[in-house]
Amino acid sequence: MLVANKDYRTIWVNDTHLPDVQIIDQRHLPHRFVVETLSTYKQMATAIKEMHLRGAGLIGVAGAFGVYLAYRDAMYRNNSVEFIQSAISEILNTRPTAVNLKWAIEIVTSRVENIEAIDEKVTKALEVAKELANLDAESCRMIGVNGLPIIEEISRKKNGETVNILTHCNAGWLAFTDYGSALSPIYHAHRKGIKVHVWVDETRPRNQGAALTTWELLNEGVPHTLIVDNVGGHLMQNGMVDLVITGADRIASNGDTANKIGTYLKALAAHDNGIPFYVAAPTSTFDFALETGLGKIPIEMRTGDEVKYINGLLNDKVVDVLICPTQTQVANYGFDVTPSRLIKAFITEKGIIAPNTDEITKLNC
Ligand SMILES: CSC[C@H]1O[C@H](OP(=O)(O)O)[C@H](O)[C@@H]1O
């Protein structure tokens, strides 16, 4: 997608034989556009854990490139099986909620395991990681294609008046390789000339909405308004939201969906106000091994400092500002689970899927 009118993906490799991996370092957005080069699996594990990159789809693709780097590290060093196994499990344990990480790592390792020579393993791991990056981008493009009619229909019913869409966190292209999940139908609608306006939840504590979703929408020229997290209910009660679209980090077989903390409250408010609540996600985000989500999907707990300090630009410098007494105890839950009964449907690359076990199971074919 566009950054200052130039097309970018969130992750790529140079055009050399066994290249390093490059990412947009999202910690610096929206103030600075920084590209980080990752040369070892350790650097990739840190980038995922400390959220230089984030978002379920991108975490998965990054994990795949991390496995490639682990094999490359092994080739340059001792080529030990223990080293590779421990490197892969380190990458796997960086972030627990988004299932895409496990999904991608399993695909790469299964495609590499029967190869004998380490240099061939490295080449194959790179090839598979690139494939998964392309698959992620294409899935997100198709989510846009499949979600577009939902927005078109509302626009028709409103006689072409602006369609107001609320979104939470960042489920745009920065959360994937390209296009995004929740934002992809919006980009498709906007490019088609349908009038859309996005209410962007700031999404405390890391403010992915304020920092990333606004930046993406600005670059694509999509009209939007930033709101604090508690505004959504008020807007919905006053007829100012036509639909809600969020992303997802893990969806159980019955449709229970883990997404960024606060999503559940938006779904409740949408339900109470008769507003359709859609979840947009590729099939790599469905955890077919889990029957239900509540109490089963691991919920990431992150450092309390993310809540105690706010990060922002002050006098041209990016600073962290303390917003509570230093000794305050903090609980920083990263995600919550929205029960499937509150979800109108899933927008996937394979089509619009009803939130029930029968329909979701068919996706796994
Ligand atoms: C794949 S949708 C993006 C998803 O990722 C976010 O989490 P995080 O920024 O912590 O990686 C959030 O749940 C978004 O909906």
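Tutor: Let us begin with K260, which has 27 C-beta neighbours inside 10 Å. This is a predicted model, in which local features need pLDDT of at least 70, side-chain atom pairs count only at pLDDT 80 or more, and totals for chains, interfaces and linings use all residues. Residues are numbered from 1 along each chain as its sequence is written.

Student: Why is K260 called buried?

Tutor: A residue is buried if 20 or more other C-beta atoms, placed from the backbone, lie within 10 Å of its own, exposed if 12 or fewer, and partly exposed in between. K260 has 27 such neighbours, and therefore counts as buried.

Student: What makes R54 buried?

Tutor: R54 has 24 other C-beta atoms within 10 Å, so R54 is buried. R54 is found in the loop between α1 (41–49) and α2, whereas K260 is in strand β11. Helices (H or I, at least four residues) and strands (E, at least two) are DSSP runs, numbered from the N terminus.

Student: Which residues does K260 touch, apart from those up to four places away in sequence?

Tutor: K260 touches H168, C169, T203 and F335. Two residues are in contact if their C-beta atoms, placed from the backbone, lie within 7 Å.

Student: Which residues come nearest to the ligand?

Tutor: Of the 15 residues around the ligand, R54, A56, A171, G247 and K260 come nearest. A residue is near a molecule if its C-beta atom, placed from the backbone, lies within 6 Å of it.
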